Amino acid sequence: IRLFKHDSTNECVFTFEGSNGKKNGGIIYDLGRFTLAGAGSMVTWCGIHNLHRGVKDELWSIVHSTAYKTFKPELATYQKVICAGHSLGGSLCDMWTHLANNGAEDSTDTDCWTKLAW
């Protein structure tokens, strides 16, 4: 994840990378998130139904990461936050913006939405 800031317009772009090339287990790890038994099943997270388990698991890892905890307070300082991503990053961006904008909560993860929103 990266945060690109445009201070003169008080806007920023929050980005998610696509599938991992060689880091964090590489492409084999990413493929496992989508091809292993149960990986493609639909799950409920943050009170939202029919989310792809592989994308949800990847986003869960990101929003619980040290990097995200560093960026999150900065997001609140911008008038406009734009999200961008390619491939897996596009799916992560779509799910992140949907969950962050809806404020849904899930009783199985009581701080789910608070980890996403800023």
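**Note on a predicted model: charges, strands, cysteines and rings**

1. Asp57 is partly exposed, with a relative accessible area of 24%. The cut-offs are these: buried means under 20% relative accessible area, exposed means over 50%, and partly exposed lies in between (1.4 Å probe, protein chains only). Asp57 forms a salt bridge with Lys56, and their closest N and O atoms are 3.4 Å apart. A salt bridge here needs a side-chain nitrogen of Lys or Arg within 4 Å of a carboxyl oxygen of Asp or Glu.

2. A word on the basis. The model is predicted, so local features need pLDDT of at least 70 and side-chain atom pairs count only at pLDDT 80 or more, while totals for chains, interfaces and linings use all residues. Residues are numbered from 1 along each chain as its sequence is written, and side-chain values use heavy atoms, leaving out hydrogens and water.

3. Next, the overall layout. The protein chain has five helices and five strands. Both are DSSP runs numbered from the N terminus: helices are H or I with at least four residues, strands are E with at least two. From the N terminus on, their order is β-β-α-β-β-α-α-β-α-α. Of the 118 residues in the protein chain, 37% are buried. The chain exposes about 6800 Å², and carbon and sulfur atoms supply 54% of that area. These areas come from the Shrake-Rupley method with a 1.4 Å probe; for residues, only the protein chains shown count as cover.

4. Follow strand S2 (residues 11–16) first. It pairs with strand S1 (residues 2–6) in the antiparallel sense, over five bridges. Pairing requires that DSSP finds at least two bridges between two strands. Leu3 has Phe14 in S2 as its bridge partner. The S1–S2 hairpin has four residues between the strands, and Asn10 there takes a positive phi near 60°. S2 also pairs with strand S5 (residues 80–85), in the parallel sense and over six bridges. Here Thr15 has Ala84 in S5 as its bridge partner.

5. Return to Lys56. It lies in helix H2 (residues 53–63). Is Lys56 buried or exposed? Its relative accessible area is 16%, so Lys56 counts as buried. Setting aside neighbours within four places in sequence, Lys56 is in contact with Val43, Trp45 and Met95. Contact means heavy atoms within 4.5 Å.

6. How many salt bridges does a search of the whole structure find? It finds two. Besides the pair of Asp57 and Lys56, the side chains of Glu74 and Lys5 meet in a salt bridge at 2.5 Å, N to O. This pair links distant parts of the chain: Glu74 is in helix H3 (residues 66–75), Lys5 is in strand S1, and they are 69 residues apart. Glu74 is partly exposed at 25% relative accessible area. Lys5 is partly exposed too, at 46%.

7. Now the cysteines. The structure holds one disulfide, defined as a pair of cysteine sulfur atoms within 2.5 Å. It joins Cys83 to Cys93, S to S 2.1 Å. Cys83 lies in strand S5 and Cys93 in helix H4, so the pair ties together parts that are ten residues apart in sequence. Both Cys83 and Cys93 are buried. Cys12 is in no disulfide; the nearest cysteine sulfur, that of Cys83, is 9.8 Å away. Cys12 is buried, with a relative accessible area of 1%.

8. Last, the aromatic rings. Rings of Phe, Tyr and Trp (its six-membered ring) pair if their centres lie within 6.5 Å; planes under 30 degrees apart count as stacked, over 60 as edge-to-face and the rest as tilted. By this rule there are five aromatic pairs. The rings of Phe14 and Phe16 have centres 5.2 Å apart and planes at 90°, so this pair is edge-to-face. Phe14 is buried at 0% relative accessibility, and Phe16 is buried at 4%. Phe14 and Tyr68 also form an edge-to-face pair, 6.0 Å centre to centre with 70° between the planes. That pair links distant parts of the chain: Phe14 in strand S2 and Tyr68 in helix H3, 54 residues apart. Tyr68 is buried, with a relative accessible area of 1%. Which residues form one aromatic cluster? They are Phe14, Phe16, Tyr68, Phe71 and Trp96.
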